[in-house]
Amino acid sequence: MSFKYKIIFAAFIAVSPATYAQNQLSGAGSSAAEILYTSMAAAYSKYAQVNVTYQPSSSTDGLQQVKARKVDFGATDVALSADERKSGKLLCFPTAVSGIVPIINVPGLTSGQLKLTGELLADIFSRKITKWNDPKVQALNPGLTLPALPITVVTRLDGSGTTFNFTDYLSKSSPDWKAAYGSNYSITWAAGTTPVKGSASVVAALRQTAGAIGYVDYQYVSKNKLNFALLKNRDGKFVAPSGAGFSSAMNNSGWATKAAYEEMLTDKPGAASWPITASTFAIVPLVSSTPDNAVAAIKFFTWGFVHGDAAVGGTAFVRLPDNVQGRIFGELTTITDTAGAPLKWSLADMLKMR
């Protein structure tokens with residue numbers, strides 16, 4: 001038995017056999033997580049007769065829907081605070097890790113040619129730098145011929161975990177950005193930006209506009225073959241987004257040492273670390289009035305942790321460390337029905353689905 005499975009058994013050894021069954025499961029939230037959960041759902045359907053549907057409606061909407069108990073699970077790209085979890089009687093846990101990527105449409109440039117720093121990125125998105133051949137950008141890219149083309153800054157209009165992670169990184173990179181804009185799911189962008197709703201609209205606007213820059217989750221870059229900029233990380237290395245870069249950031253954080261997954265993964269040390277690494281999180285009720293649905297959600301995510309590593313790796317996400325998964329499994333055992341009784345189901349069934 002692998003170390004990961006030993007952790008799972010230790011967490012669930014006292015759990016009784018299943019007494020609930022459910023063949024419909026609904027989720028909503030992060031658009032970045034759509035490909036992750038749809039891929040997991042397709043793989044899971046081969047082993048269990050459960051239809052998992054997912055609405056990519058934004059991180060903030062996912063939280064609101066699960067709080068209103070309109071869906072069985074929500075998805076967000078930012079961990080909920082202790083107050084949010086307590087007030088909503090919610091459990092929030094990560095499911096996989098990826099990254100946020102600055103994407104560009106600059107004539108003559110392809111992926112990985114343009115170099116940017118966090119400070120320059122903040123100046124571009126705050127409209128302090130408005131042309132691609134600005135001396136500051138050119139100085140960082142002496143080997144490139146940059147056009148005298150206006151920069152069109154494409155931003156998110158809706159509340160988004162992608163925006164939260166992106167602006168968290170800019171706040172860490174630029175004191176001016178932190179003072180003027182800060183970090184949040186949605187912010188008041190600088191005058192002159194082009195706000196659109198949803199990551200798919202960011203991609204569409206970028207493709208239609210020469211000189212545009214935007215930000216999306218890595219899966220959109222991979223899926224749509226978008227041009228991206230290299231970023232200078234905390235160790236002074238210019239890096240491209242990659243699974244190895246996301247893993248490096250996670251392994252140089254409290255996630256790896258203390259399973260402290262509330263910690264943001266932006267601007268972490270490590271020569272290979274991608275500076276805007278982020279996770280996607282699932283949100284489920286801690287006290288469930290529909291135990292059938294709660295058990296179905298627990299089984300889906302547990303199956304994903306135990307058997308879904310291949311599906312995660314095929315979606316531009318990377319799997320969680322064993323100690324983080326172990327913490328999550330332990331927390332899932334604390335979900336109860338409205339009478340305070342722990343939910344009953346069989347982990348052994350999940351382990352057999354291999």
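Analyst: Let's start with strands β4 and β8, which pair in the antiparallel sense over 6 bridges. In this predicted model, β4 covers residues 90-105 and β8 covers residues 212-217.

Strand β8 has another partner to look at. Strand β6, residues 152-156, is joined to β8 by 2 bridges, and these two strands run parallel. Here you can look for T152, whose bridge partner in β8 is A212. So is β8 buried or exposed? Of its 6 residues, 6 are buried, so β8 is largely enclosed by the rest of the structure.

Now go back to β4 and look at the loop between α4 (82-88) and β4, where you will find K89. This residue has a positive phi of about 50°, although K89 is not a glycine. That is worth a second look, because most residues other than glycine have a negative phi.

R127 also has a positive phi, of about 70°, and R127 is not a glycine either. You can find R127 in the loop between α5 (118-125) and α6 (135-140). With a relative accessible area of 22%, R127 counts as partly exposed, because the cut-off for buried is under 20%.

From there, turn to another set of strands. An open sheet is formed by 3 strands in the order β5-β9-β10, with mixed pairing. Its edge strands are β5 (115-116) and β10 (238-239), each of which pairs on one side only. Between β5 and β9 (residues 230-232) there are 2 bridges, and these strands run parallel. A handy landmark is L116, which stands opposite L231 in β9.

Let's finish with a helix. Which residues of α2 (residues 34-44) are buried? They are L36, Y37, M40, A41, A43 and Y44. If you look down the axis of α2, these buried residues fall within an arc of 165°, so they line one face of the helix.

Key. Residues numbered from 1 in each chain as written. Predicted model: local features only at pLDDT ≥ 70, side-chain atom pairs only at ≥ 80, totals over all residues. Heavy atoms only, no water. Pairing = 2+ DSSP bridges. Helix = DSSP H or I, 4+ residues; strand = E, 2+ residues; numbered from the N terminus. Buried < 20%, exposed > 50% of the residue type's maximum accessible area, 1.4 Å probe, protein only. Arc of directions from axis to C-beta.
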